[in-house]
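Please walk me through the aromatic rings of this structure and the contacts around them.

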Amino acid sequence: MRPDVEAMKADIEQSVALLRRRLDWDAALRKLDELNARVEDPTLWDKPDEAQAVSRERSQLEAKINTVKAMEQDLEDGVMLAEMADEEGDEGALEEARASLRGIKDRAARAELEALLSGEADGNDAYLEVNSGAGGTESNDWAGMLLRMYSRWAKAHGYEVTVEAYEDGEQAGVKSATILVEGPNAYGWLKSESGVHRLVRISPYDAAAKRHTSFASVGVSPVVDDAIEIDINPSDVRTDTYRASGAGGQHINKTDSAVRLTHIPTNTVVACQAGRSQHQNREMAWKMLRARLYELELQKREAAAQALADAKTDIGWGHQIRSYVLQPYQMVKDLRTEVETSDTQGVLDGDLDAFMGAALAARVGETRGSSVD
């Protein structure tokens, strides 16, 4: 077997072995058998909430097990193809086998990281909110660029993206916007993106072509499902209605249908304008509020409540988690993990996996390389 093929095979086998250990393979198989038996028990469905929870747990565990099995089978097929091509001197088939193994290696690396998503809300959908900092048009434009970046990342990974609230910037970009990202592990992947993001560039709005620094904040909250109870006293919430506006598309109602909720004890504000009616927007706004308050509780558990408060109250120097420098050189650098890349356009087009993966690994005490070039 060629040395490069042998090396890829060894890397994939190592990743698969790690996934098996993290799953506690034999215990996971036994657990899946138990869950399958419970789902097939007709009396379970007399309790719809419990049945849904069991069905969801089974689906998630089955997906993890099937991921490992598929990689093992694909690895066996890829190695067999490589050996046959090598024996026959078929360079075209050998390169095809190499490409297959590279794809499996990439899948294994992502599966390794997904195995770290063990938080109680990591598997949930997510709300992602972008707010521009001080600086007017510059910061509004930067917030709009971030919104596009995360939307492209989400769509590239098969997630559904819905704009829930949107406030235009005065000349360009957005003042604030909230999107709903729906798909497996959406919150687990996005949660590390919360914080202040800093942009350095030659401003397209400056006739003197001077370099400008802009800031925008990103906040991520998990969508709270029925299995998680969040008690909110209605008397602690102020409700305001206003006319929907902005880039919501044809479904934005131009009456006073938009709803803003303010949780007075925590000064948490959410808004929704995506629905056709005030009733729909009110219902969604309450879901968003529950999500935000749950995220605050998660932050407290991680002893990061003060950092979160700082990020929200001061969108500027000293609080940024990542810098995006477009001039005088090209560099995106995460200030928490030291991961960096010169492919700034790729990052702004949604290529964020290296940054998210490093942040996730660091969160559980593992290490990743510091360069993604």
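Tryptophan 153 and tyrosine 159 are both buried, where buried stands for under 20% relative accessible area, exposed for over 50% and partly exposed for what lies in between (1.4 Å probe, protein chains only). The model is predicted, so local features need pLDDT of at least 70 and side-chain atom pairs count only at pLDDT 80 or more, while totals for chains, interfaces and linings use all residues. Residues are numbered from 1 along each chain as its sequence is written, and side-chain values use heavy atoms, with hydrogens and water left out.

How many aromatic pairs does a search of the whole structure find? The search finds two. Rings of Phe, Tyr and Trp (its six-membered ring) pair if their centres lie within 6.5 Å; planes under 30 degrees apart count as stacked, over 60 as edge-to-face and the rest as tilted. Tryptophan 142 and tyrosine 324 make an edge-to-face pair, at 4.9 Å centre to centre with 70 degrees between the planes. This pair links distant parts of the chain, 182 residues apart: tryptophan 142 belongs to helix α5 (residues 137-156) and tyrosine 324 to strand β9 (residues 320-325). Helices (H or I, at least four residues) and strands (E, at least two) are DSSP runs, numbered from the N terminus. Tryptophan 142 and tyrosine 324 are buried. Why is the pair of tryptophan 153 and tyrosine 159 tilted? Their ring centres are 5.5 Å apart and their planes are at 35 degrees, so the pair is tilted.

Charged ends also sit over rings, which requires NZ of Lys or CZ of Arg within 6 Å of the ring centre and within 35 degrees of the ring normal. Arginine 110 has its charged end over the ring of tryptophan 189, 4.3 Å from the centre. For arginine 260, the ring is that of tyrosine 242, at 4.4 Å from its centre.
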